[in-house]
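These are my notebook entries on one structure, written down as I looked things up. The sequence and the model come first.

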Amino acid sequence: MGHATRARLSDAQVIHPAAFTFALPDSVSFAEGAMIEPFAIGMQAVIKARMQPGDICVVTGAGPIGLMVALAALAGGASEVLVSDLVEEKLAIAARYKGITTVNVSRHSLREAVDRCCGHEWGVDVVFEASGSPKVYDDILACARPAGTIVLVGMPVEPVTFDIVSAQAKELHIETVFRYANVYDRAIDLIASGKVDLKPLITETFDFEHSIDAFERAASARPNDVKLQITLDT
C-alpha cells in the first residue's frame with residue numbers, strides 16, 4: 001500500500017527536520033513519490049552489491065521488492081537481469097521492462113537459464129535474493145559466478161539451511177540488506193531523469209472514502225497487484 005496526495009497542503013504547516021526532508025521535482029508526481037520508500041530498498045541492495053557497468057544479475061522473487069531491486073540493478077548498470085518466481089502474473093509485470101528476462105521456476109530451471117545467458121558452469125555477477133523463501137538458497141549459490149556477489153534482501157521467517165562450503169569454494173561475497181540509508185536523493189533523481197519508471201507498478205488508486213476497499217484488496221493479495229495507493233484530498 002502507498003499514499004499519494006493530490007495537492008500540497010495550503011492551510012496547514014508541518015515542521016520537519018530539513019536533513020530528513022526531500023523535495024520532489026515538478027516532474028515527479030506524488031504517486032511516484034509514494035514509491036520512493038520501497039525503491040530505496042532496491043537502491044540499497046545495488047549499492048551493497050558494488051555493481052559494475054555491464055553486470056548480469058539474478059533477482060529471485062518478483063514481488064514488489066524484487067521488482068524494485070531489478071529496476072535499481074538496471075539503473076545501476078546491469079546489462080541484463082533475470083527475475084525468477086513461481087507466479088506467472090508477477091513475472092508478466094517484470095517482463096514489461098526492457099532488460100529483464102523472466103524465469104518461471106515452477107516450469108524451468110533457473111540454473112539452466114543462467115547457463116544460456118552466461119555460458120555453461122559460469123554464473124551471473126550478482127544474485128539478489130528478494131523472495132524470502134528458504135527454498136532458493138541452493139539456487140542462489142549455484143547461479144553466482146566464482147568471486148561473485150550475493151545480496152540477501154528477502155527475510156525468511158525461519159532460519160534457513162545454507163551451504164557454507166559451496167559459498168567458500170566460489171569465494172563469494174555476501175552482503176545483507178535490512179532497510180536503506182542515504183539513498184532517497186539518488187532514488188528521486190533517477191525517477192526525475194526518466195531512467196527509472198515506477199508508474200507501471202501502481203496497480204490501482206483509491207479515493208480516501210474507499211480506503212477500506214483498498215485495504216481489503218491488498219489483503220486479498222491478487223497476483224496482478226503490485227502497489228495500491230490511496231489519494232488524500234487537501
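Predicted model: local features only at pLDDT ≥ 70, side-chain atom pairs only at ≥ 80, totals over all residues.

Entry 1, the pair E8 and E9. I began with strand E8 (residues 202-207), which is joined to E9 by five bridges, the two running parallel. Glu204 has Leu228 in E9 as its bridge partner. I take strands (E, at least two residues) and helices (H or I, at least four) as DSSP runs numbered from the N terminus, and I call two strands paired if DSSP finds at least two bridges between them. Strand E9 (residues 227-232) has five of its six residues buried, so it is largely enclosed by the rest of the structure. Buried stands for under 20% relative accessible area, exposed for over 50%, and partly exposed for what lies in between, with a 1.4 Å probe and protein chains only.

Residues are numbered from 1 along each chain as its sequence is written, and side-chain values use heavy atoms, with hydrogens and water left out.

I read the order of its six strands as E4-E3-E2-E5-E6-E7, with parallel pairing. Strand E4 (100-104) and strand E7 (173-176) are the edges, each pairing on one side only. On average, neighbouring strands of this sheet are turned by 20° against each other, direction ignored; axes are lines fitted to C-alpha atoms, for helices over the stretch in contact, and angles run from 0 to 180 degrees between N-to-C directions. Inside the sheet I checked strand E2 (residues 56-60) with strand E3 (residues 80-85), a parallel pair over five bridges. Thr60 stands opposite Ser84 in E3.

Val58 is in strand E2 and counts as buried at 0% relative accessibility. From Val58 to Phe39 I find 19 residues in sequence and 17 Å in space, C-alpha to C-alpha. Phe39 is listed among the residues with the most contacts inside the largest nonpolar core, which has 45 residues; Met51, Val81 and Val83 are also among them. A nonpolar core is a set of buried Ala, Val, Leu, Ile, Met, Phe, Trp, Tyr and Cys residues joined through side-chain atoms within 4.5 Å. H2 gives the largest share of this core, eight residues.

Where does Arg50 lie? I place Arg50 in the loop between H2 and E2. Arg50 has a positive phi of about 50° although it is not a glycine, and it is exposed, with a relative accessible area of 61%. Glu121, in the loop between helix H5 (110-118) and E5, also came up: its phi is near 60°, a positive value in a residue other than glycine. At 59% relative accessibility Glu121 counts as exposed. For background, most residues other than glycine have a negative phi.

I looked up Glu158 in the loop between strand E6 (144-152) and helix H7 (164-170). Glu158 is exposed, with a relative accessible area of 56%. Glu158 and Ala192 are 34 residues apart in sequence and 39 Å apart in space, C-alpha to C-alpha.
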